[in-house]
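Dear colleague,

Please find below the structure that I am handing over to you. My notes on it follow directly after.

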Amino acid sequence: QVQLVESGGGLVQAGGSLRLPCAASGRTFSNYVMGWFRQAPGTEREFVAAISRSGGRLYYADSVKGRFTTSRDNAKNTVYLQMDSLKPEDTAAYYCAAQNPKNGVATLSLPIGYDYWGQGTQVTVSS
C-alpha cells in the first residue's frame, strides 16, 4: 500500500507559477514510477507528466511540454510538479499516482496503469 498526499494548489493568475509536492508513505517510494494527472469538471482524467524510478526519464503531455517540470527526491519520498506559464485551461484538480510496477511505458499515460492515487489538489488559473 502506498499513501499519497498532494499539496500546493491554489488560485494563480495566468502566467504565474505553482509547485505541487506529493508526499508518499508506505512501500518503498523508489520502486514506483510516478505520474501526474488532472481532471476538470465534466472531463476525463488526463495525463500530465510522469517520472521514472530514478528520475532520469521524464514524460510530458504535449499540452504542458516546456511549461511543466516533474522531479522527485527519493530520500524525501516526494515527487514534484513545477508549473510555470500557467494558462486558464490548466485549471483542474491535480493528482499524483504510483504506477503498478508490472506495467510499462505503454500504460504510462493511462489512469488504469496506476494503482495508488492521492486525493488531489485544486489549481485555478484566472485570466
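Does Asn 77 count as buried, partly exposed or exposed? Asn 77 counts as partly exposed because its relative accessibility is 30%, where buried means under 20% relative accessible area, exposed means over 50%, and partly exposed lies in between (1.4 Å probe, protein chains only).

Before the remaining findings, a word on the source. This is a predicted model, in which local features need pLDDT of at least 70 and side-chain atom pairs count only at pLDDT 80 or more, while totals for chains, interfaces and linings use all residues. Residues are numbered from 1 along each chain as its sequence is written, and side-chain values use heavy atoms, with hydrogens and water left out.

Two loop residues

Asn 77 sits in the loop between strand S7 (68-73) and strand S8 (78-83). Helices (H or I, at least four residues) and strands (E, at least two) are DSSP runs, numbered from the N terminus. The phi of Asn 77 is near 55°, a positive value in a residue other than glycine. For context, most residues other than glycine have a negative phi.

Ser 85 also has a positive phi, near 50°, and is likewise not a glycine. Ser 85 belongs to the loop between S8 and strand S9 (92-99). With a relative accessible area of 41%, Ser 85 is partly exposed.

Thr 78 and its surroundings

Thr 78 lies in strand S8 and is buried, with a relative accessible area of 9%. A polar atom of the Thr 78 side chain lies 2.9 Å from the backbone oxygen of Lys 76. If neighbours within four places in sequence are left aside, Thr 78 is in contact (heavy atoms within 4.5 Å) with Pro 21, Cys 22, Ala 23, Phe 29, Arg 72 and Asp 73.

A search of the whole structure finds 1 disulfide, the term being applied to a pair of cysteine sulfur atoms within 2.5 Å. The link of Cys 22 and Cys 96 is right-handed, with 45° about the S-S bond. Cys 22 is buried at a relative accessible area of 0%, and Cys 96 counts as buried at 0% relative accessibility.

With kind regards

Notes. Polar contact = N/O pair within 3.5 Å; in protein donor to acceptor, adjacent residues only side chain to side chain.
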